[in-house]
Amino acid sequence: MRAHDPDKPPYVARLEKIEEGSRNNVRVRVRWYYRPEDSIGGRRQFHGSKELFLSDHYDEQSAETIEGKCTVHTFRNYTKLDSVGNDDYFCRFEYKAATGSFSPDRVAVYCKCEMPYNPDDLMVQCDACKDWFHPECLKMSLKAVKKLENYFCPDCAPENGEKRSRKTRTRDSLSPEDVEVQMDRKRHKQ
């Protein structure tokens, strides 16, 4: 939907209802998606560039404000896309605009940094424990990671001096139910 400020990206809303208004003016009832930067708390490191939050904010607009169609995928389906187009977005949270709270209020975390998954970031999977890691948390360059055949994290690396083989795996097979973290506070390992 057309933004008031032409320098801003268009608003994204789910069309709930279409009805004829007065003087043959078509009206639409929409449920707004919020971008992370428009929510209380703002954008965080783990928010993807194409991430939206389905809000509890409904509105009626003129149908003339509709600029086009986009697709808002579930998080799981978005991570399985072969390619992401300009009109592809994803949503993994519902957002209560008045309170700034999210549902679910817990999400899976990965890596030793315990951050939720950001689909914009490459991750490496350990062949032994199957945990996922950010290359920067392993002090590895993206170039080095892309050349890997197998990878064993520091906890799983062979201790007997054998040469480790390394392999980069895609992040697609991880389920969001694996590990959880509270959205409103960052956990630290003891």
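## Contacts and basis

A contact means heavy atoms within 4.5 Å. Of the contacts in the protein with a separation of 6 or more, 54% join residues 24 or more positions apart.

This is a predicted model: local features need pLDDT of at least 70, side-chain atom pairs count only at pLDDT 80 or more, and totals for chains, interfaces and linings use all residues. Residues are numbered from 1 along each chain as its sequence is written, and side-chain values use heavy atoms, without hydrogens and water.

## Fold

The protein has 2 helices and 12 strands (DSSP runs: H or I of at least four residues, E of at least two, numbered from the N terminus). Their order along the sequence is β-β-β-β-α-β-β-β-β-β-β-β-α-β.

## Surface

The protein exposes about 12100 Å² (Shrake-Rupley, 1.4 Å probe). Carbon and sulfur atoms supply 46% of that area. Of the 190 residues, 37% are buried (under 20% relative accessible area; exposed is over 50%, partly exposed in between; 1.4 Å probe, protein chains only).

Leu15, Ile18, Val26 and Ile66 make a nonpolar surface patch of about 330 Å² (residues with over 30% relative accessible area and no salt bridge, nonpolar side chains joined within 5 Å; a salt bridge is a Lys or Arg side-chain nitrogen within 4 Å of an Asp or Glu carboxyl oxygen). Ile66 lies in the loop between strand S3 (51-62) and strand S4 (71-74). Ile66 counts as partly exposed because its relative accessibility is 39%.

## Largest pocket

The largest pocket holds about 430 Å³ of space (an open set of points on a 1 Å grid, with protein on both sides within 12 Å along at least five of seven lines; lining residues have an atom within 4 Å of a point). Among its 17 lining residues, Val12, Ala13, Gly68, Lys69 and Cys70 are closest to the centre. Strand S1 (12-20) and strand S2 (26-34) are the elements that give two or more residues to the lining. S1 gives the most, with 4 residues.

Key
Patches are made of residues with over 30% relative accessible area and no salt bridge: like charges are joined within 9 Å, nonpolar side chains (Val, Leu, Ile, Met, Phe, Trp, Tyr) within 5 Å. On a 1 Å grid over the protein atoms alone, a cavity is a set of points where a 1.4 Å probe fits but cannot get out, and a pocket is an open set with protein on both sides within 12 Å along at least five of seven lines; lining residues have an atom within 4 Å of a point. Grid points are joined across faces, edges and corners, and a volume is the space filled by probe spheres set on the points.
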